[in-house]
Structure formats: C-alpha cells, structure tokens
Amino acid sequence: MIKKYLKASALALIFSAATISIAQDKTVPVFENGEAQKVEGFSNYKDYIRHDLWVETTFNTDGDDTLDRVHVSVTRPKQTDTEGLKLPIVYVTSPYFAGVAPDVPGIMWDVEHELGEPAKTERAHPEVTRLGERPIISNSHIASWVPRGYIVVHSSSPGTGLSQGSPTVGGPNEALAPKAVIDWLNGRAKGYTTPDGDEEVEAFWSTGKVGMTGTSYNGTLPLAAATTGVDGLEAIIPIAPNTSSYHYYRSNGLVRSPGGYLGEDIDVLYDFIHSGDESKRPYNNKTVRDTEMANGMDRETGDLNEFWNDRDYLNQMEGMKAALLMSHGFNDWNVMPEHSNRIYQKAKAMGLPTQLYYHQNGHGGPPPMTMMNRWFTHYLHGIDNGVENDPQVKIVRENDKPNNPTSYTAYPNPEAKNVTLYLNKGGNEVGPLTTLRSKKQKTETLEDDFNISGKQHAQAEKSKHRLLYATKTLKQDVHLSGESTITISLSSSKPAANLSVMLVSLPYTDDPEVITDNIITRGWADPQNYKSLTESEPLEKGTFYDMTFNLQPDDQIIKAGQQIGLIIFSSDKEFTIHPKPGTKLKVDLDNTSITLPVVGGLDALKKAIE
C-alpha cells in the first residue's frame with residue numbers, strides 16, 4: 001500500500017512538473033510597469049492568422065429583404081489556434097477603408113450666394129471606385145497591438161467596402177453595426193464566412209473584452225458604439241471625434257463649413273464614403289441622401305432640428321458604460337475641440353472613468369502610447385495598474401513634447417475664473433479692451449467683405465471691414481483655460497448676416513511654425529437665432545439684437561509682450577457662405593463684452609495688464 005502511494009505521488013510530481021514546463025513554453029501577454037509589453041512570440045507577422053467574415057446586424061438599410069451584414073477582418077497571433085490562447089480585442093471600424101470619392105469640381109456646395117437662399121448651382125455626385133482586390137480591410141493598428149497580446153479586428157461601416165447596408169453619416173446603423181461585431185465577439189451574434197451564405201464562424205479566441213479607437217470619423221464610431229451600452233465594450237479611445245454632425249456643419253444657427261472643406265455638408269460626406277455594393281447605391285442615394293438628408297439638413301436657415309439632434313451623440317449617452325480616454329487638438333479647425341470637451345464633461349458627470357489628452361496642434365494626434373497602453377491594459381487585460389487614479393487631464397503645453405504632457409486634475413483648469421472684458425471705441429483701428437466698463441461708448445460699424453481673411457483682419461492697422469479691440473501689452477504671461485463667451489448687441493442693414501469672432505494674440509505673425517500664437521480661439525453665430533437655435537427670424541434694419549455664445553474651448557498661455565485681441569467681423573472667407581459684400585453691422589459697445597477663463601482670475605489679468 002505504501003509503495004503504491006509513493007509510486008502514485010511520484011507520478012503526480014512528474015505530471016505536475018511536465019505541466020509547469022508546458023505552461024512555461026506557452027506564449028502569454030507580459031506586463032511591466034502597468035503596460036503590455038511586446039512579446040517575441042506575438043511579433044512575427046508572418047505567423048499571424050488573418051481571416052474575413054460577415055457579421056449579421058439587427059437592421060436592413062439597403063432595400064432588400066435580408067438583414068445587413070458587416071464585413072469584418074481579424075488578425076490574431078497563431079497561439080490562439082496552436083495553444084488555445086484567448087485574448088482581448090482592439091477594434092477599429094471606418095467608412096474609409098475601401099476608398100473615397102474623387103475630389104471632382106463641384107463636389108462641394110456653392111457658397112457664393114446670399115444668406116437664406118439656395119445655392120445657385122447643383123453640386124456634383126462622384127462615385128467611389130472601391131479599392132482592394134482581396135477582402136482584407138486594413139493593416140492599421142496591427143503592429144502596435146498584436147505583439148502586445150491583443151487581437152486586432154477591423155470592420156467597414158454599413159454601405160462601405162464589402163459591408164452591406166447604406167451609409168447614414170450618424171444614423172442609428174452606424175452605432176448598431178459595431179455593436180453587432182462586439183456582440184459576435186461575445187457569442188451573441190452570428191458571423192458567416194460569406195456575405196450571403198450560412199456557414200458560421202465563431203470567435204472562440206476572444207475573451208469578450210473589447211477596446212475601440214480611431215481618429216476623426218474612425219474616432220466617432222467608438223463613441224457611437226459605446227452609446228448603445230453594449231456589453232463587452234470596456235474602453236474607448238476616440239481621437240478627434242466628430243460627436244455631433246450639427247456642431248460639425250453648423251455653428252449657433254449659422255451654416256459653417258469645417259476648416260479646409262469650404263462648402264462641405266453632410267450629404268457631401270455621404271457621397272465621399274459610399275463605396276459599397278454598386279447595385280445598392282441608387283436605392284441608398286434616393287432614400288438617405290436625396291430624401292432624409294435633403295429634407296433635414298436645411299442649408300437655408302441653419303436651424304437645429306430633429307434631423308441634427310438624432311446625429312448628436314451627447315443626446316445618446318445615457319446607457320454608456322465604457323471607460324473613456326479622449327484626445328483632441330486645440331487648433332483643430334476641422335473637427336473642433338468642443339466635440340471632445342462636451343462628451344468629456346458629460347461622461348465625467350455620469351461618473352464614467354474618464355481621461356482627456358489635449359495638444360496644441362491641429363486635426364488628429366493620438367495620446368502617447370503609454371497612456372493608451374495603460375488604458376487598454378487595465379480595462380481589457382484586467383491588470384491593476386492604477387490607471388483610474390492617473391491625472392484626469394494631460395495637456396501638451398506650448399513647449400512640451402507630445403509624449404510628455406503636463407498633468408492637471410480637470411479641464412478647464414480648476415484655478416480658471418471668468419473675467420469680463422469690455423470694448424472701447426476705436427475698433428476700426430484698435431480699440432481698448434479693458435476690465436472696466438466705460439459708459440457711452442455708443443456704436444461702431446463694420447462692412448462685410450468675405451474676400452478678406454481672418455489673418456488680414458488681424459494684421460490690418462485700420463479697416464472698415466472689422467472691429468478690433470485689444471488689451472494693453474501683457475507684462476506677464478496669462479493662462480487661459482476653458483471656453484470664452486461673447487455677449488454682443490448688434491444690428492444689421494440686411495435681414496440676414498454672418499457673424500464671426502476671433503480671439504487672437506497680437507502682433508499676429510506670419511510664422512507658420514508658431515501654432516500657439518495668432519489665433520487663440522474663434523466662434524461663429526447667426527444673429528437670426530438670437531433667441532433660439534431651433535427658430536430663426538429675419539433681422540429688422542436698425543433693430544439691435546443681443547446674443548451670447550461660446551467660442552471654442554482652449555488652454556493656452558499668452559506670453560508677456562503680446563496683447564489679447566478681439567476681432568468681430570461678418571463673413572469668414574474660410575468657413576461661411578459668401579454673400580455679396582456690403583452688409584453693415586453696427587455693434588453696441590455699451591452692451592457687448594467678452595468673458596475669458598483666466599487661470600488666477602481677475603487678479604492675474606490685472607497684474608498682467610495694469
């Protein structure tokens with residue numbers, strides 16, 4: 001009996017040792033300092049398993065009698081087959097992977113017309129030639145994440161590439177499509193080897209934990225998916241996301257183009273991305289572009305309506321659960337910084353794990369890899385690295401390197417306080433901008449001319465086409481953090497007028513490398529919407545209207561030796577419709593002011609200018 005026991009024990013020890021040896025030979029994720037490390041066994045891209053499939057969604061948007069299927073591409077380490085390894089997923093979805101429409105003449109809306117009137121010419125509707133001989137969607141993010149122990153999944157948005165359905169540019173199917181993919185990764189939806197067959201594919205290699213990321217439109221879609229509250233979407237990293245089509249194509253009731261794309265509107269973007277099945281395009285065009293969009297976008301008034309509200313993810317965040325790390329540039333005049341700030345503020349108020357990375361450059365710009373790595377390591381791999389206790393906000397200061405931002409507890413800076421500045425006569429040259437209100441400043445007039453750029457307005461010593469007011473030269477640095485707010489009282493010589501505002505640092509230089517000088521922030525508004533964003537009314541000549549609106553959020557240090565300048569003008573050459581020059585705007589200086597978010601408040605500003 002004793003011999004049998006000893007023999008059994010010896011065998012158990014041998015078996016246990018063999019198990020340990022096998023375990024040691026297996027390739028598994030490795031973590032150091034709270035970050036997933038690149039592992040040699042996951043790093044040979046020639047060993048990656050790549051396959052394509054189609055996930056069945058819950059919607060049908062292309063006019064046939066079957067539910068739309070979304071094209072999905074998977075890239076995973078071989079160990080998910082050879083060693084039964086299960087890993088979390090980094091998921092990227094986009095409408096751009098299969099190519100976009102050519103930039104042909106007339107693709108944008110004609111902006112050379114009077115306000116409130118339709119464009120003089122119809123715009124062109126180019127067709128997208130779908131790219132790619134093979135069904136593989138994209139190679140983006142594979143080199144960053146697969147070696148660190150993740151599976152990378154890509155998908156094409158509805159109506160693009162080999163995905164079925166129709167593009168809607170913010171419609172419900174653009175949120176439900178990635179939701180279906182995440183459901184499939186968790187065994188709750190069906191995947192098939194072909195777009196119309198019945199041979200199923202299972203994600204047996206998935207832990208079910210998914211993180212999403214992407215830039216611009218590709219950064220919008222992680223937020224869209226998160227608003228569905230889908231189980232398994234643990235964390236998202238949207239980079240420069242468009243969180244509201246209205247805020248992208250309109251501004252306080254004004255028809256305004258995104259920077260660099262004068263005349264673009266939501267239907268232009270629809271044409272730009274519509275790379276799906278050619279046979280389905282006529283139905284999609286008629287249903288979405290030529291009916292829903294044509295009836296809802298309203299380029300005549302620019303008013304906020306149900307069409308635009310349905311494409312605002314701020315209105316859909318109630319069920320959101322995913323941890324949120326957002327990234328944006330303060331000088332992004334395409335997808336402007338308010339897009340991320342409004343979502344960050346709401347997510348923070350909801351109690352979601354939230355972090356924010358702001359930099360001083362333009363469109364795009366991801367957080368440092370270490371920030372993203374810590375985020376996904378914690379929320380996808382479940383490693384207790386304390387990321388939830390990291391500083392909530394990191395801002396790349398004027399002289400910081402992008403991977404070494406300055407940490408703050410919140411945005412805006414908690415030490416920022418509102419300081420109101422008042423306008424004093426002399427704006428056709430340079431009127432004083434002061435902390436003390438002076439009475440009986442009366443009115444000053446500007447005459448609209450869209451041919452003059454914002455830069456020219458800022459550099460002109462004298463002009464009848466703009467009003468410019470500036471502080472004294474700063475004796476010490478002034479730190480602005482948050483949203484500036486302008487209250488303006490004006491009258492118009494015509495029933496409709498553009499209103500544009502820029503906050504600038506003076507002198508306005510020509511050095512393109514100094515991006516944090518010159519424009520501090522800016523804003524646009526339609527005076528016809530002085531009472532409501534949803535209802536506009538014609539302006540009566542000689543009647544003054546009061547309106548208040550925010551400029552784009554910013555966090556910037558204005559250096560000693562500069563001045564803070566406020567420019568008020570009408571049409572913005574780069575952003576607004578171009579009515580015939582000549583509209584006159586009168587500004588009532590006694591009832592106009594701008595409020596700045598100054599770190600240190602009034603005392604700090606007074607020390608700088610007095």
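In the predicted model, Thr 435 is found in the loop that joins strand 18 (431–434) to strand 19 (443–447). The relative accessible area of Thr 435 is 13%, and because buried means under 20%, this residue counts as buried. When its neighbours within four places in sequence are set aside, Thr 435 is in contact with Thr 420, Leu 421 and Tyr 422, and also with Leu 602, Leu 605, Lys 606, Ile 609 and Glu 610.

Aromatic pairs were examined next. A search of the whole structure returns 14 such pairs. One of them is formed by Trp 145 and Phe 376, whose rings are arranged edge-to-face, with 5.2 Å from centre to centre and 65 degrees between the planes. Trp 145 belongs to helix 3 (residues 142–145) and Phe 376 to helix 11 (residues 369–381), so that this pair ties together parts lying 231 residues apart in sequence. Both partners are buried, Trp 145 with a relative accessible area of 2% and Phe 376 at 0% relative accessibility.

Another aromatic pair, formed by Trp 524 and Phe 575, is tilted, with a centre-to-centre distance of 4.8 Å and an angle of 45 degrees between the planes. Since Trp 524 lies in strand 24 (residues 519–525), while Phe 575 lies in the loop between strand 27 (563–569) and strand 28 (584–588), the pair ties together parts that are 51 residues apart in sequence. Trp 524 is buried at 1% relative accessibility, and Phe 575 is likewise buried, at 2%. Elsewhere, Tyr 96, Tyr 217 and Phe 272 are linked by ring pairs into a cluster.

Helix 8 (residues 281–296) has as its buried residues Arg 281, Asn 284, Asn 285, Val 288, Arg 289, Met 293 and Gly 296. Viewed down the axis of helix 8, these buried residues fall within an arc of 125 degrees, and they therefore line one face of the helix. That buried set packs against helix 7 (266–273) and helix 9 (306–309), whereas Pro 282, Lys 286 and Asn 295, on the other side of helix 8, are exposed. Just after helix 8, Asp 298 adopts a positive phi of about 50 degrees.

Note on methods. Residues numbered from 1 in each chain as written. Predicted model: local features only at pLDDT ≥ 70, side-chain atom pairs only at ≥ 80, totals over all residues. Heavy atoms only, no water. Phe/Tyr/Trp six-rings, centres within 6.5 Å; stacked < 30°, edge-to-face > 60°. Helix = DSSP H or I, 4+ residues; strand = E, 2+ residues; numbered from the N terminus. Buried < 20%, exposed > 50% of the residue type's maximum accessible area, 1.4 Å probe, protein only. Contact = heavy atoms within 4.5 Å. Arc of directions from axis to C-beta.
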